[in-house]
Amino acid sequence: MDQRTELARAGIVAHGVYAKQYQLELLATPEAAQSAKDAAYQLLLYRDAVAAGVLRASTHHSTGMDAGAS
């Protein structure tokens, strides 16, 4: 695993993304829980793009992470 991949994964773990998502799924309304799942999924896509070395300009177009994407 290269350094970029290690840093991307460590960032997700260090900020407690998985634990916070799980808490929201247990305690939030169904709508808020779904929003949390969607946001976490997009964050993981972004993490994977960073780990793969994708540049910001190409990430914007290739992953659908623009302002209008949902």
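Visitor: How many helices and strands does the secondary structure of the protein come to?
Guide: In this predicted model, the protein has four helices and zero strands. Read from the N terminus, the order of elements is α-α-α-α.

Visitor: What share of the residues is buried?
Guide: Of the 70 residues in the protein, 19% are buried.

Visitor: And what about contacts between residues at least 6 apart in sequence: what share joins residues at least 24 apart?
Guide: That share is 53% of such contacts in the protein.

Visitor: Which residues make the nonpolar surface patch?
Guide: Tyr22, Leu26 and Leu27 make the patch, which covers about 400 Å².

Visitor: Where does Leu27 lie, in terms of helices?
Guide: Leu27 belongs to helix H2, which spans residues 17-27.

Visitor: Does Leu27 count as buried or exposed, and why?
Guide: Leu27 counts as exposed because its relative accessibility is 74%, and the cut-off for exposed is over 50%.

Visitor: A change of topic: salt bridges. What does the count come to?
Guide: The count is one salt bridge. The side chains of Arg47 and Asp48 form that kind of pair, at 2.7 Å from N to O. A polar contact of 2.7 Å also joins these two side chains.

Visitor: Where is the place of Arg47?
Guide: Arg47 is in helix H3, which covers residues 30-51.

Visitor: Is Arg47 buried or exposed?
Guide: Arg47 is buried, because its relative accessible area is 16% and buried means under 20%.

Visitor: And how does Asp48 count?
Guide: Asp48 counts as partly exposed, since its relative accessibility is 39%. That value falls between the cut-offs of 20% and 50%.

Visitor: Leaving aside neighbours within four places in sequence, which residues is Arg47 in contact with?
Guide: With those neighbours set aside, Arg47 is in contact with Ala8, Arg9, Ile12 and Tyr18.

Conventions:
Residues numbered from 1 in each chain as written. Predicted model: local features only at pLDDT ≥ 70, side-chain atom pairs only at ≥ 80, totals over all residues. Heavy atoms only, no water. Helix = DSSP H or I, 4+ residues; strand = E, 2+ residues; numbered from the N terminus. Buried < 20%, exposed > 50% of the residue type's maximum accessible area, 1.4 Å probe, protein only. Contact = heavy atoms within 4.5 Å. Patch = residues over 30% accessible without salt bridge, like charges linked within 9 Å, V, L, I, M, F, W, Y side chains within 5 Å. Areas by Shrake-Rupley, 256 points an atom, 1.4 Å probe, with all protein chains shown as cover. Salt bridge = Lys/Arg side-chain N within 4 Å of Asp/Glu carboxyl O. Polar contact = N/O pair within 3.5 Å; in protein donor to acceptor, adjacent residues only side chain to side chain.
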